[in-house]
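Trainee: I'd like to learn how to read a model like this one. Could you take me through it feature by feature?

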Amino acid sequence: MCGIVGFVGKKQASSILVEGLSKLEYRGYDSAGVAIIDNDHINVVKCKGRLKNLENKLSEHPLKGILGIGHTRWATHGKPSDLNAHPHNSQDGTISVVHNGIIENYVQLREWLTSKGYKFVSETDTEVIPQLIEYFYKGDIVEAVMRAISKIKGSYAVGVICSKEPGKLVAVRKDSPLIVGLGKDEYYIASDIPAVLNHTRDIYLLNDNEFVVITKDGVKLLSEDKKEIKKDVYHVTWSANAAEKGGFDHFMMKEIHEQPKAIKDTMTSRIMPGKPITLDDIKITKEQIKNIDKIYIVACGTAYHAGIVGKYVIEKLVRMPVEVDIASEFRYRNPIIDERTLMIIISQSGETADTLAALREAKAHGARVIAVTNVAGSTVSREADDVLYTWAGPEIAVASTKAYTTQLITMYMIALFFAQNRNTLSQEEIEAIKNDMLTLPEKAKQMLEQKEVLQKFASRIYMHKEMFFLGRGIDYAVAMEGSLKVKEVSYIHSEAYAGGELKHGTIALIEDGTVVIALATQTSLYQKMISNIREVTTRGARVLGFTVEGNIDMEKAVDSVLYVPKVNDILLPVLTVIPLQLLAYYIAVQKGCDVDKPRNLAKSVTVE
Ligand code: M6R
């Protein structure tokens with residue numbers, strides 16, 4: 001996820017672009033840059049780090065000009081660096097591009113362009129775009145952009161300027177957001193509304209495959225077959241603050257809703273029907289995978305819970321022993337590690353001090369480390385042997401939501417990749433799981449539609465002092481995550497228990513009115529879990545049950561049921577957790593808690 005802006009008008013573009021980018025920093029902040037046309041020449045200033053670095057650089061090298069584009073980056077392809085920062089120029093420097101999204105076929109395009117003599121200077125997927133446009137340019141920038149875009153597969157919002165047509169800005173989108181701001185004698189493009197709100201509240205919301213051509217005289221919208229499109233102007237009535245959250249009241253809710261896309265993005269170009277799983281970012285060889293005799297998964301908090309799901313899945317699909325550890329415990333327990341040990345580190349931020357220390361401990365003892373992280377260029381990503389990025393985009397709310405579901409996706413991909421390399425599953429079995437994975441984004445959307453039931457349930461229980469989450473097997477791992485969400489955002493004391501363990505002590509706490517969330521999604525454990533639910537309902541518990549569609553007898557055992565669409569049992573955590581996140585959110589809102597910044601917590605825990 002990145003942020004793009006563009007400006008055409010009579011004022012100096014530089015400060016307007018930077019101001020727009022400052023409203024988009026929530027979309028990415030590992031590097032930033034602007035390109036502005038001055039006297040038929042494109043000047044670019046860009047650098048690694050926060051927008052402040054760009055501002056400093058611009059104060060040393062001010063850019064003149066009234067037409068330009070800007071970008072704030074969240075690295076996916078290529079580490080955060082000055083060279084990988086956008087805008088990217090074509091080889092002859094006449095075309096400059098900013099891009100948000102992922103070009104799936106960039107490797108092929110890069111090879112093809114290289115064979116035509118084009119040289120690349122960055123590690124990004126984006127750089128193929130200006131090169132392709134230059135290749136197709138025959139005196140008409142709109143035509144060249146259209147031809148280039150027709151060759152690109154993937155998601156994109158793209159802004160293009162060309163020094164040979166210095167009065168034009170061309171943009172297009174597909175599967176990445178893009179709006180056009182309509183000011184008085186000045187026009188804007190942006191990834192999101194807040195970037196233009198200081199200048200105008202009138203905008204066009206572009207649809208997929210729509211092009212926009214902006215000059216000082218106005219805005220022209222075109223379809224991919226060059227027909228002019230008429231569109232209603234959308235007048236923004238929200239406050240700038242609400243707009244930054246995409247109209248949601250809190251970042252947590254926005255990020256919960258971003259999960260279908262984050263799940264899809266994380267699988268992009270890695271899981272494809274009929275093709276082997278390709279984990280582009282990891283270099284571990286088949287031989288090395290075969291030599292591993294033990295895996296540790298080490299992480300903290302929500303990432304640790306994703307690791308527990310990882311253990312179930314890797315042990316099931318790869319038949320290898322996996323231990324999951326809390327990072328702060330792992331480093332002090334003198335774990336048995338050698339060259340045949342693989343460590344998988346999971347960390348959204350890639351900066352958690354305990355996780356980092358565990359990584360260093362494992363490396364010091366000769367283990368190979370794969371990092372699963374959401375932040376390109378983070379310390380964890382730099383110190384691990386291999387990195388597998390979750391492509392969730394920046395997570396702002398302290399409570400982790402989309403990072404968790406994308407970490408689960410990554411656990412499945414690692415398990416399948418290992419199963420593929422160790423021949424523990426047949427191709428048909430791998431294909432069946434992959435096909436089910438590809439249905440998850442749509443099914444995740446269905447889970448988001450169940451908000452009303454959860455909101456009602458939350459309004460009935462938000463005054464409770466405690467609650468329990470029960471599950472067996474992989475559901476127990478999800479119960480832990482659901483319980484953590486409730487604790488951290490609503491401050492209700494909550495415990496997660498394995499269904500079968502309750503009767504060994506904790507059941508003493510169940511009394512009339514105790515709130516229990518019971519997960520019974522796993523086929524082989526369903527009847528056992530129903531018995532555990534009866535153990536608590538007979539003692540007066542009020543139970544919200546979760547099971548898969550079709551298990552209607554659950555309705556007799558609990559107060560309310562929430563159904564999860566059918567999919568391979570091991571993938572269900574991705575869906576089941578969504579209503580649990582929503583439940584925690586609604587309870588917190590009812591209680592008036594500070595949802596995005598819960599008390600005593602920080603987003604990134606960089607101290608031991
Ligand atoms: O950035 P990390 O994934 O390493 O962070 C680990 C935990 O601090 C984090 O998951 C924390 O538990 C979240 N606030 C949970 O929502």
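Mentor: Here is a walk through the domains, the ligand site and some local features.

Before we start, this is a predicted model, where local features need pLDDT of at least 70, side-chain atom pairs count only at pLDDT 80 or more, and totals for chains, interfaces and linings use all residues. Residues are numbered from 1 along each chain as its sequence is written, and side-chain values use heavy atoms, with hydrogens and water left out.

Trainee: Into which domains is the protein chain divided?

Mentor: Domain bounds come from an automatic or database domain assignment. Here they give domain 1 (3-237), domain 2 (251-438) and domain 3 (446-593). Between the C-alpha centres of domain 1 and domain 3 there are 46 Å.

Trainee: And what does UniProt list for residues 2-217?

Mentor: UniProt positions are in the numbering used here, feature names are shortened, and annotations may be inferred rather than shown by experiment. The unreviewed UniProt entry lists residues 2-217 as "domain: Glutamine amidotransferase type-2". That span is 23% helix and 34% strand; helices (H or I, at least four residues) and strands (E, at least two) are DSSP runs, numbered from the N terminus. The entry also lists "domain: SIS" at residues 285-424 and 457-598. Residues 285-424 are 47% helix and 20% strand, while residues 457-598 are 41% helix and 20% strand.

Trainee: Which residues come nearest to the ligand?

Mentor: A residue counts as near if one of its heavy atoms lies within 4 Å. Of the 13 residues around the ligand, the nearest are S347, Q348, S349, T352 and E488. Helix α10 (301-318) and helix α18 (474-490) each give at least two residues to this shell, and α10 has the largest share, with three. By type, the shell has four nonpolar residues (Ala, Val, Leu, Ile, Met, Phe, Trp, Tyr, Cys and Pro), two charged (Asp, Glu, Lys and Arg) and seven polar (the others, Gly among them).

Trainee: How do I read the polar contacts there?

Mentor: Look for a pair of N or O atoms within 3.5 Å; within protein, one must be able to donate a hydrogen and the other to accept it, and residues adjacent in sequence count only if both atoms are side-chain atoms. A polar side-chain atom of E488 is 2.4 Å from a ligand oxygen atom. For S347, a polar side-chain atom lies 2.6 Å from an oxygen atom of the ligand, and a polar backbone atom of Q348 is 2.6 Å from a ligand oxygen. The ligand alone exposes 410 Å², of which the protein buries 90% (Shrake-Rupley method, 1.4 Å probe; for residues, only the protein chains shown count as cover).

Trainee: How many aromatic pairs are there in the whole structure?

Mentor: Rings of Phe, Tyr and Trp (its six-membered ring) pair if their centres lie within 6.5 Å; planes under 30 degrees apart are stacked, over 60 edge-to-face and the rest tilted. The search finds seven. One of them, Y118 with Y135, is edge-to-face, at 6.4 Å centre to centre and 70° between the planes. Y118 sits in the loop between α3 (106-115) and α4 (128-136) and Y135 in helix α4, so the pair ties together parts 17 residues apart in sequence.
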